[in-house]
Amino acid sequence: MSWFAVRGALTYQLSQQPPPHFLVIHAGGNDLTTTPTSELCVRIENDVHTLAKDLPHCTIIWSDILPRLQWRGCTSVTGIERKRKRVNRIGRQAVLSVGGRVVKHVDITYDCAGLFRADGVHLEDIGNAIFLNTLQGALETFVVGHNSPDTAKLIFE
C-alpha cells in the first residue's frame, strides 16, 4: 500500500468499527520510487504523530518496508535500498517516539532470490511464510508483554 493511502484506509475502517488496541502499519514501499525521500519521511512522521493522538489507547507497530530484487520505475537498486533503509529508520523512530513498537524483517534480504517471485517484487510462498511468522511472533510478544515495553523492545528492535 502506498503511504499516502494509509490515512484514508484507516479513516474508513474506524468509521466501520471501534479503534483497535494494536495497529500494524506495513506501507510505503510503493512510494520509494515515486516520492522524494524528505517528503515521504515528513509525511510518515506527521501521520504517526497524528495517529497516536487520534488513537490514544492503541499501540502503533511499524513493520519495516521489505527489500526487493527489482523496484518498478528505478534504475538503481542500491539507491532505492539506501532510501528504503532511511525511510525505515525514520518510521521506526517516529513510532517509538509515540510509545509504539517495531518489527524488523531481518530474514528477508534482497540477496536471497528464492524468497521472491520471478517479478523480483512480490514474495514467494516461502518468503511470505517467513514474513508472516516474524509478524506473528512480534505480535504475540507485544500482546503478552503489553505492560512491559522492555520485553518487546529487546526481541524485535
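W62 counts as buried, with 0% relative accessibility; buried here means under 20% relative accessible area, exposed means over 50%, and partly exposed is what falls in between (1.4 Å probe, protein chains only). W3 is buried too, at 0% relative accessibility. This is a predicted model, where local features need pLDDT of at least 70 and side-chain atom pairs count only at pLDDT 80 or more, while totals for chains, interfaces and linings use all residues. Residues are numbered from 1 along each chain as its sequence is written, and side-chain values use heavy atoms, leaving out hydrogens and water.

Back to the tryptophans. The count of aromatic pairs comes to 1. That pair is W3 with W62, tilted, at 5.9 Å centre to centre and 40° between the planes. For the cut-offs: rings of Phe, Tyr and Trp (its six-membered ring) pair if their centres lie within 6.5 Å, with planes under 30 degrees apart called stacked, over 60 edge-to-face and the rest tilted. The pair links distant parts of the chain, 59 residues apart: W3 sits in the segment before α1 (6–16), and W62 in strand β2.

| Residue | Relative accessibility |
|---|---|
| W3 | 0% |
| W62 | 0% |
| R101 | 14% |

Strands (E, at least two residues) and helices (H or I, at least four) are DSSP runs numbered from the N terminus, and two strands pair if DSSP finds at least two bridges between them. β1 and β2 (residues 59–63) pair over 4 bridges, and L23 stands opposite I60 in β2.

R101 belongs to β3. A polar atom of its side chain lies 3.3 Å from the backbone oxygen of G99.

As for confidence, pLDDT (the predictor's confidence in each residue, from 0 to 100) averages 91, and 92% of the residues score at least 70. Over residues 150–157 it is below 50, though this stretch has 17 contacts in the model beyond near neighbours in sequence, a contact being heavy atoms within 4.5 Å. Where pLDDT is low, the predicted coordinates should not be read in detail.

Notes
Polar contact = N/O pair within 3.5 Å; in protein donor to acceptor, adjacent residues only side chain to side chain.
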